[in-house]
Amino acid sequence: MALISAQDVSVGFGGPLLLENLTFSMEAGERVCLVGRNGTGKSTLLKLLAEEFLPDSGKIIRNRGVRVARLEQEVPQALSGTIFEIVADGLGKLGRLITEYHLITAKLAKEGGDQLMEQLDHAHHALDVADGWDAHNQVSTTLSQLRLDPDLSFVTLSGGIKRRVMLARALVSQPDLLLLDEPTNHLDIESIDWLESFFSSYKSALFFISHDRMFSQKLATRILELDRGQLTDWPGNFTDYQKHKEEALHAEEKQNHLFDKRLAQEEVWIRQGIKARRTRNMGRVRALKAMREERRQRRERQGTVNMRMEQAQKSGKLVVETLNVSLSYGGQRYIDDFSLTIQRGDKLGIVGPNGSGKSTLLNILLGKLAPDKGKVTVGTKMEIAYFDQLRAALDEEKTVEDNVGGGRQQVNVGGRDRHIISYLADFLFAPDRARSPVKVLSGGERNRLLLAKLFLQPSNILVMDEPTNDLDVETLELLEELLAEYKGTLLLVSHDRAFLNNVVSGLLVFEGKGKIGEYVGGYDDYLMQTKKPIKDVQPDKKVKKVLSSTSNKVKKLTYKEKLELESLPAKIEAAEGELGEIQDKIAEPEFYQGDSSEVAEVLKRLEALEAELAILYKRWEYLEAI
């Protein structure tokens with residue numbers, strides 16, 4: 001029986017229905033990717049499945065007992081506390097009891113004292129009453145699986161680690177169906193690789209929205225597409241979907257052309273003079289009326305972005321040359337002894353973990369930041385267009401047209417004047433949307449606005465810092481074509497691996513400790529040259545040993561691994577036995593009346609056993625899977 005299904009679901013917010021009579025279902029273990037143009041209602045469908053609101057008509061049916069969790073697209077800004085607190089909060093009221101127990105235990109281990117022991121006794125009793133020990137173990141196991149330090153403060157984390165914490169909060173309830181909205185947005189490549197590896201072995205069902213083509217290709221077992229309010233089911237992976245979708249669009253275009261031709265012929269017939277009226281067939285008249293209604297209700301496919309770039313005169317042959325450049329800040333070495341020559345026409349991608357110094361490198365290459373050591377030579381006749389700078393230049397209160405035109409009604413495009421509304425229509429802004437303030441735009445619309453503003457500026461050096469976030473696949477592919485044809489020099493910071501493969505001719509890769517490697521080709525070429533992914537986060541040794549072994553695709557067990565698999569059940573049983581003894585000991589009323597140092601030591605051993613069990617289970621699941 002299906003985990004969840006939609007039956008004739010419709011949703012509208014004025015105008016044409018956003019979702020119209022959608023019917024589909026999801027089975028256990030499926031990994032379904034939902035695709036579609038920006039604004040077609042993908043996030044709305046996700047919220048319907050999460051029961052955050054009800055459809056206008058139709059119904060969402062869940063199998064009895066099915067647990068559903070949703071990972072939102074954006075990290076909530078108001079979240080604070082430790083990682084443990086935020087993850088446990090995914091269990092609701094029970095999570096708050098677990099957090100209280102965890103905090104008192106940690107404090108008691110450091111400070112001791114009768115008052116803390118009394119508080120711990122109350123917290124322990126509350127968990128007993130709520131039957132919360134399995135949930136407590138699940139929190140510890142989830143933190144271990146996702147390589148998260150429970151005691152770190154959430155507000156100090158990088159964007160990628162924050163997303164991982166939010167994933168842990170969604171996973172801790174052990175959902176049967178996990179809903180993900182653009183899970184790779186704003187993540188670096190290391191984090192995306194980790195996410196792919198994690199979900200490749202994830203047992204529950206996934207329903208995710210993504211414009212990351214490589215992520216979708218690696219994970220999806222089925223594609224659902226939202227187009228003009230309708231849902232289409234495409235079995236297979238993302239590449240299969242793209243191929244068959246193109247064929248379907250071609251067939252639709254041909255069918256619409258034949259229909260419109262037949263309708264035009266009937267319209268000519270009905271408008272003939274008195275001679276035609278004498279022989280008029282009333283059945284034919286009724287058929288014409290039906291054709292008119294069918295044509296009226298046809299929903300045309302959303303147009304595609306029409307982009308062109310204003311190019312300045314050629315720059316000098318030498319664009320930038322660095323010699324033994326180094327830069328440190330706050331005690332951290334970002335760039336160490338880096339030498340590079342960039343010539344006119346080069347297209348370079350810059351990749352690395354978040355916070356590694358990619359934007360710093362850009363500022364050095366553009367002559368905006370002086371290094372601590374080394375020499376930077378900047379070329380001549382450089383006309384720079386900088387995508388990231390335009391983000392800060394957007395005025396939230398001003399309209400879309402004012403942000404692009406600066407109050408002018410005419411803009412110069414390709415040497416001729418065009419009305420600003422006409423120009424913005426090329427970037428899919430209808431007249432009413434062009435007159436709306438920027439603050440109401442979606443993420444995809446903001447990025448299209450930035451591109452519209454950028455491409456009015458003549459350039460021979462184009463600098464783009466993460467231009468692909470929130471762009472749908474069609475717009476991404478058009479941008480790829482535009483950049484491939486660009487005659488100037490391109491410096492591109494991106495975590496979209498497919499985009500890098502299709503655009504750049506070389507990569508600069510931050511490899512840790514200030515070292516920057518230079519590689520020929522795109523991201524796949526880089527992997528072939530190094531045979532290893534970019535590394536950043538270093539987990540503790542035990543967890544690292546387990547996770548590194550699970551990341552490699554082993555086709556059969558070695559002799560040593562067979563012996564290890566045979567020994568794991570006994571180890572797990574022994575650890576669980578000791579854990580049970582400690583939990584029984586803690587449950588005794590006189591436990592907290594003993595020596596405070598002994599109490600703290602027992603509680604410390606309890607946490608160590610829970611972490612050890614999580615690692616043993618992870619290793620056992622991996623070896624069993626092989």
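## The chain as a whole

Of the 626 residues in this protein chain, 48% are buried (buried means under 20% relative accessible area, exposed over 50%, and partly exposed in between, using a 1.4 Å probe and protein chains only). Keep in mind that this is a predicted model, where local features need pLDDT of at least 70, side-chain atom pairs count only at pLDDT 80 or more, and totals for chains, interfaces and linings use all residues. Residues are numbered from 1 along each chain as its sequence is written, and side-chain values use heavy atoms, with hydrogens and water left out.

The chain has 23 helices and 20 strands; these are DSSP runs numbered from the N terminus, with helices (H or I) of at least four residues and strands (E) of at least two. Take the contacts (heavy atoms within 4.5 Å) with a separation of 6 or more: 68% of them are between residues 24 or more positions apart.

E182 sits in the loop between strand 6 (177–181) and helix 7. E182 has a positive phi of about 50 degrees, although it is not a glycine. Most residues other than glycine have a negative phi. E182 counts as buried, at 5% relative accessibility.

## Helix 20

Now for helix 20 (residues 523–530), whose buried residues are Y523, Y526 and T530. They cover an arc of only 55 degrees around the axis, which puts them on the same side of helix 20; the arc is that of the directions from the helix axis to the C-beta atoms. Their cover includes helix 7, along with helix 19 (497–503) and strands 19 (506–510) and 20 (516–520). Just after helix 20 comes K531, with a positive phi of about 60 degrees.

## A hairpin and an exposed loop

Strand 10 (residues 318–329) and strand 11 (residues 332–343) run antiparallel, joined by eight bridges (two strands pair if DSSP finds at least two bridges between them). They form a hairpin with two residues between them, and G330 in the turn has a positive phi of about 60 degrees.

D131, in the loop between helix 4 (114–129) and helix 5 (133–145), also has a positive phi, near 55 degrees. Is D131 buried or exposed? D131 is exposed, with a relative accessible area of 64%.
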